[in-house]
Amino acid sequence: MTTGLQEVARRHEAEVKAVSGRPVPRGEPILELRGLQKNYGTVEALKPATVTFLSGEIHAIVGENGAGKSTLIKLLTGVIPRTAGEVLWCGDSVQLATPNEAIARGINAVHQEVVLCPHLSVAANMFLGDEMNRRGLMRKRAMTDAAQGVLDDLGFNLPANATLGSLTIGQQQLVATARAAMRGTRFLIFDEPTAYLTRQESAQLFRLIRRLQGEGVTIVYISHRLEEVFELADRVSVLRDGTHVGTRAISETNEGELIALMINRTIEQIYHKEHFPLGETIVETRGLSGPGFADISLSVRAGEIVGLYGLIGAGRSEFALGLYGRQPLTAGEVYWQGRKVEIGNERKAMELGIALAPESRRDQGLCLNLPIGLNINLPVFRRLTRGLTINRGAEAANADRQIRDLKIKTPSRRVLASAMSGGNQQKIVIGRWLSHGAKLFIFDEPTVGVDVGTKAEIYRLFARLLEKGAGIILISSYLPEVYELADRLHVFRQGRLVASHDYRAASHEEVLAQAINA
Amino acid sequence: MSVETVESAGPTPKRGISILFGLTLLGLLVVLWLLLGLATNAFWTPNNISNLLRQGAMTAILAVGQTFVIITAGIDLSVGAVVGFTSVIVAWLLAAGVPLWLAIVATLAIGVLIGVFHAFGIVRMGLPPFIITLATLTSLRGIGLLITNGSTISITDEAFTNFSRADFLGIPSLFWMVIVVAIPAYVFLHLSRFGRYLFAVGSNSEAARLSGVNVNRTIYLAYILSSTCAAFVGLLLASRIGIGNATQAEGWELQAIASSVIGGTSLFGAVGSVHGPLLGAFILATINNGANLLNVNSFWQRIITGLLIIVIVYFDQLRRRGSR
């Protein structure tokens, strides 16, 4: 028995219709915000916003961190109550007071971080909370078949009986989307869905989004990547500092205008590339091998950015962790400023002068439920210690200096890291190494989930580090970033270094082809 | 989002629990004392107060050690068994004619070794803290019973047994021991870098590791401190009851965990303090003491303790949610 998306979704047709309001013809307003507003105390998170979403459109929302995008999503999905204003759903005023109300009306969201159960199967996740039952027992086989039908129908090529946790983050994202699509959703919000996806996965997701649009679902698409907005959206709304600064038809605007609306800054100022005279070689690896990477030989000189490009899982992060002493090496040598060294653990790497801003801020980067100040000072507490105790003044001063220098938006170093936006969290991870006096900085995907303005700040920071004589290894899955910034670009594929290019020596297409072996 | 940033701009816990929560607990303790003073004449007598302080002291010391472990997102179920076991050890050593000072040092050293063993199981063998400390909980009692052949060893050293009955400046010496433990514990947890490391490991050990924190050493430290505190309590107990018996201190690990949790420590790690578990221990001791004075069935004491854990932790949860 196989069923496609339509059949599975039809299970909910009746109940969704009962509460979700009358049908709205394509192109007519389905959701209208009238002066929708959210204050936290005296802070205006979202100033009165009036936006109309048209039935069946893909409506992108762009804005920097803190612009109010998350607040808007939370208001629409019933996670937080509004302060003032009105929301019209299919012409009727609605409260959207709870997540269940939003879901019952057919409003759903797919979040950047997948919130599903990694230990259950794909099928079990797709039917979670909505299981097919017969006489109180779950019809496991039927659900697996139905889920497989939906996945095949969507062209995902994923096994429905696989454990969700065994899939890549990107594949999990696709499952989460399929799950939302199955539930009679009429209004689907994507919150930066491609942040962790490879190109192929993104392409699959886009196909799915267009298909849902074709079936009459209204899509709200939130992204930092403007090129995606232009590829996908019909209209785009821009938020800045909690203000809705405008909505444009995509055909009537361009990247430059959007950026100007978002940040009052031109596109040339984002990729801030300065060339510095190259100094001595800081680090050199010869035939370095370890779990997930083999035979990597490369070097980094003072004043140089070495870019490592490849798909997720190509072995770049593993190489970085190996070089940093976190993973055991199986073969090869590391030369630090010309001297052969054994980097047995992270502390040895730190002592040499290597700093690592790891790939996942949440899993590897931050102690989320601890204050910003502690997170910043973590590597340098030894230096801040006088006798038995920490010098509290120096501790505070170091944290405050990084917060000030990096413009981390927080009222105090005592605020928990979990309260920070992606961009500010990244700044905390980076800031922790700035007072450490490192010579080699490894940045692994430093701009994932980071807005354009913060990106530009991070790139300028690179230049500052290079100027002081440091070297940088920049790992990124986002080609324009490594392409525009790296003095030397290495391409990784399946754990090996397959090609190397000087600054802008190869075309985008060439580099991409090498990364995917096309 | 900067929005959320500002949301939590209010009183945010810097390290562990906030001052406000500590004051609430202290308030609760004072209210309990005032109410008991009104309800019964026997409460505010010097005899009863010093009795209360003695009762609370041992749990308090266990709870402080336990808190170090819980902050790293671990648990030490063995502390009660360690107390019983070390009471046997010290009694045994004294009976064998070992000088008092050496017996004390050796007993504390055994506490250190037990902690080392726990951390070894966790760090090297990859066992969950719950399992390795559960294993020592049962086996230490067994070893203790083997040593004594199932009976008790009496302690004849009067200098040792008099200690627990002595007062200093009108305060029982056992309570002074709380202060002797609490002050270095406070310096360690709140003022030294090792305290910061405990919180970091409890919050995200991978992030701590990549930031150059010696995670393994931090875990060793936490478990060594916990079982050394327990061995210290074993000495105090042996002094108080004048015997070594491996079945003593049954269930004290739960008292210690309860005190710690009432004192605001989060079992998920990275939240806790030194003053919290101290207050928690004395709140529990006061409830027991008061219930005895009021002739409340001792079974009720257990029920009240259970309810108190739920109520206090629930209010703490509400408070945390509110500040998010």
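Contact here means heavy atoms within 4.5 Å. The views below come from a predicted model.

**View 1. The interface between chain A and chain B.** Here 51 residues of chain A are in contact with 37 residues of chain B. Together the two chains bury about 3700 Å². Carbon and sulfur atoms account for 59% of that area. A:Arg347, A:Leu378 and A:Arg392 supply 13% of the area that chain A buries against chain B, more than any other three residues.

**View 2. Polar links across the interface.** Between chain A and chain B there are 9 residue pairs in polar contact, both residues at pLDDT 80 or more. The side of chain A that touches chain B draws at least two residues from each of several elements, including strand E2 (43-54), helix H3 (69-76), helix H16 (392-405) and helix H17 (422-434) of chain A. By class, this side of chain A has 26 nonpolar, 12 polar and 13 charged residues.

**View 3. Salt bridges between the chains.** Chain A and chain B share 2 salt bridges. In one, the side chains of B:Glu206 and A:Arg326 meet at 2.8 Å, N to O. A:Glu395 also forms a salt bridge with B:Arg196, with the closest N and O atoms 2.8 Å apart. A:Glu395 lies in helix H16 of chain A and B:Arg196 in helix H9 (residues 193-203) of chain B, so this pair joins two chains. A:Glu395 is buried, at 6% relative accessible area. B:Arg196 is buried too, at 0%.

**View 4. Salt bridges within chain A.** The whole structure holds 18 salt bridges over all chains. A:Arg316 pairs with A:Glu445, the closest N and O atoms being 3.7 Å apart. A:Arg316 sits in helix H11 (residues 316-323) of chain A, and A:Glu445 in the loop between strand E21 (440-444) and helix H18 (452-467) of chain A, so the pair ties together parts that are 129 residues apart in sequence. A:Arg316 is buried at 2% relative accessibility, and A:Glu445 is buried at 7%. A:Glu284 forms a salt bridge with A:Arg286 at 3.3 Å between the closest N and O atoms. A:Glu284 is partly exposed at 28%, as is A:Arg286 at 38%. A:Asp153, A:Arg211 and A:Glu215 are linked in a network of salt bridges.

**View 5. The surroundings of B:Ser78.** B:Ser78 lies in the loop between helix H3 (46-71) and helix H4 (79-95) of chain B. B:Ser78 is buried, with 0% relative accessible area. The side chains of B:Ser78 and B:Asp76 make a polar contact of 2.7 Å. Beyond residues up to four places away in sequence, B:Ser78 touches B:His118, B:Thr133, B:Thr136 and B:Leu137.

Conventions
Residues are numbered from 1 along each chain as its sequence is written. Chains are lettered from A and ligands numbered from 1 in the order in which they are written. This is a predicted model: local features need pLDDT of at least 70, side-chain atom pairs count only at pLDDT 80 or more; totals for chains, interfaces and linings use all residues. Side-chain values use heavy atoms; hydrogens and water are left out. Buried area is the accessible area (1.4 Å probe) that two parts lose on being put together, summed over both. A salt bridge is a side-chain nitrogen of Lys or Arg within 4 Å of a carboxyl oxygen of Asp or Glu. A polar contact is a pair of N or O atoms within 3.5 Å; within protein, one must be able to donate a hydrogen and the other to accept it, and residues adjacent in sequence count only if both atoms are side-chain atoms. Helices (H or I, at least four residues) and strands (E, at least two) are DSSP runs, numbered from the N terminus. Ala, Val, Leu, Ile, Met, Phe, Trp, Tyr, Cys and Pro count as nonpolar, Asp, Glu, Lys and Arg as charged, and the others, Gly among them, as polar. Buried means under 20% relative accessible area, exposed over 50%, partly exposed in between (1.4 Å probe, protein chains only).
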